[in-house]
Amino acid sequence: MHKKEISKAVLKRLPGYLNYLKSMPQGGSPYISATALANALGMGEVQVRKDLAMVSDGGRPKVGYLRENLMEDISQFLGYDNTTDAVLVGAGKLGQALLGYVGFEAYGLNVLAAFDVDPQTEATDEGKPILPMEKLESFCAENQVLMGIITVPAPFAQQVCDQLIRCGIKAIWNFAPVHLDVRENILVQNENMATSLAVLSMHLQAHIKENK
């Protein structure tokens with residue numbers, strides 16, 4: 001179907017739908033309705049119905065969506081069927097863990113290499129190298145890389161961000177706990193662990209109060 005303009009809020013919900021559809025046991029009904037999906041995920045039916053209509057026209061009244069087709073529609077819309085090459089800057093423990101995570105392939109992400117001010121001479125178990133920062137610009141140019149992943153300490157994140165942009169990077173996945181200043185045509189997606197921890201902590205506090 002024709003790709004529609006879609007909000008970031010919807011984009012953040014779509015992977016959740018896809019993960020649930022993939023986790024459904026085999027042998028059941030090949031169809032799933034927006035109502036069933038909403039109930040399973042604890043979401044509003046109207047919202048789920050609108051989200052699915054943005055990415056798939058395969059829904060049938062009183063029947064729902066053919067699950068396999070819906071998964072394919074969501075994957076294609078999110079670009080999981082197209083491989084995106086990326087570079088990672090910051091080869092500490094988090095950086096090396098992300099570099100060696102093979103699960104990214106299912107989402108169309110291929111981390112080609114990591115870069116660090118103190119590079120290691122040995123490649124990871126997956127054969128992906130850790131290179132000195134001096135090679136970042138030439139590597140991005142030679143491999144036409146458009147995505148960068150930042151896993152450096154917060155004080156160095158803006159400097160790394162600026163360097164990635166100079167290398168032609170258009171999208172940045174930021175794991176550093178700091179706001180990055182970029183031009184309007186650069187997309188930054190922040191992974192804020194402190195925010196996630198705060199949400200979990202508040203949930204636990206509410207649960208404790210309810211059970212006192």
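Mentor: Let's start with L78, which touches L11, L14 and P15 when residues up to four places away in sequence are not counted; contact here means heavy atoms within 4.5 Å. You are looking at a predicted model, in which local features need pLDDT of at least 70, side-chain atom pairs count only at pLDDT 80 or more, and totals for chains, interfaces and linings use all residues. Residues are numbered from 1 along each chain as its sequence is written, and side-chain values use heavy atoms, leaving out hydrogens and water.

L78 belongs to helix α4, which covers residues 67-78. Helices (H or I, at least four residues) and strands (E, at least two) are DSSP runs, numbered from the N terminus. L78 and L112 are 34 residues apart along the chain, and 20 Å separates their C-alpha atoms.

Now step back for a moment. The protein has eight helices and eight strands, and its C-alpha trace spans about 60 × 50 × 35 Å along the principal axes. Of its 212 residues, 34% are buried, where buried means under 20% relative accessible area, exposed means over 50%, and partly exposed lies in between (1.4 Å probe, protein chains only). If you take the contacts between residues at least 6 apart in sequence, 57% of them join residues at least 24 apart.

Next, find helix α1 (residues 8-23) and helix α2 (residues 34-41), whose axes come within 11 Å and cross at roughly 95 degrees. Axes are lines fitted to C-alpha atoms, for helices over the stretch in contact, and angles run from 0 to 180 degrees between N-to-C directions. The two helices, α1 and α2, are therefore roughly perpendicular to each other; under 35 degrees counts as roughly parallel, over 145 as roughly antiparallel, 65 to 115 as roughly perpendicular and the rest as oblique. On the α1 side the contact is made by G16, Y17, Y20 and L21, and on the α2 side by L37, A40 and L41. Six of these contact residues are nonpolar, one is polar and none is charged. In that sorting, Ala, Val, Leu, Ile, Met, Phe, Trp, Tyr, Cys and Pro are nonpolar, Asp, Glu, Lys and Arg are charged, and the others, Gly among them, are polar.

G44 sits in the loop between α2 and α3 (45-55). With a relative accessible area of 41%, G44 is partly exposed. Twelve residues along the chain separate G44 from I32, and their C-alpha atoms are 16 Å apart.

Now look for the sheet. Six strands make an open sheet with parallel pairing, in the order β5-β4-β3-β6-β7-β8; two strands pair if DSSP finds at least two bridges between them. The edges belong to β5 (130-132) and β8 (187-190), and each has a single partner strand, so one side of each has no neighbour in the sheet. On average, neighbouring strands of this sheet are turned by 25 degrees against each other, direction ignored.

You can follow the pairing strand by strand. Six bridges link β3 and β4, running parallel, and V87 has A113 as its bridge partner in β4. Strand β4 is mostly covered, as six of its eight residues are buried. On to β6: four bridges join β3 (residues 84-89) to β6 (residues 147-150) in parallel. V87 stands opposite G148 in β6, while L88 has I149 as its partner there.

Helix α7 (residues 154-166) lies across β3, β6 and β7 (171-174), at about 165 degrees to β6.

Finally, the cysteines. A disulfide is a covalent bond between the sulfur atoms of two cysteines. Counted as a pair of cysteine sulfur atoms within 2.5 Å, there are zero disulfides in the structure. The sulfur of C161 has its closest cysteine sulfur in C167, 11 Å away and too far for a bond. C161 is buried, with a relative accessible area of 0%. C167 is in no disulfide either, its nearest cysteine sulfur being that of C140 at 4.8 Å. With 14% relative accessibility, C167 also counts as buried.
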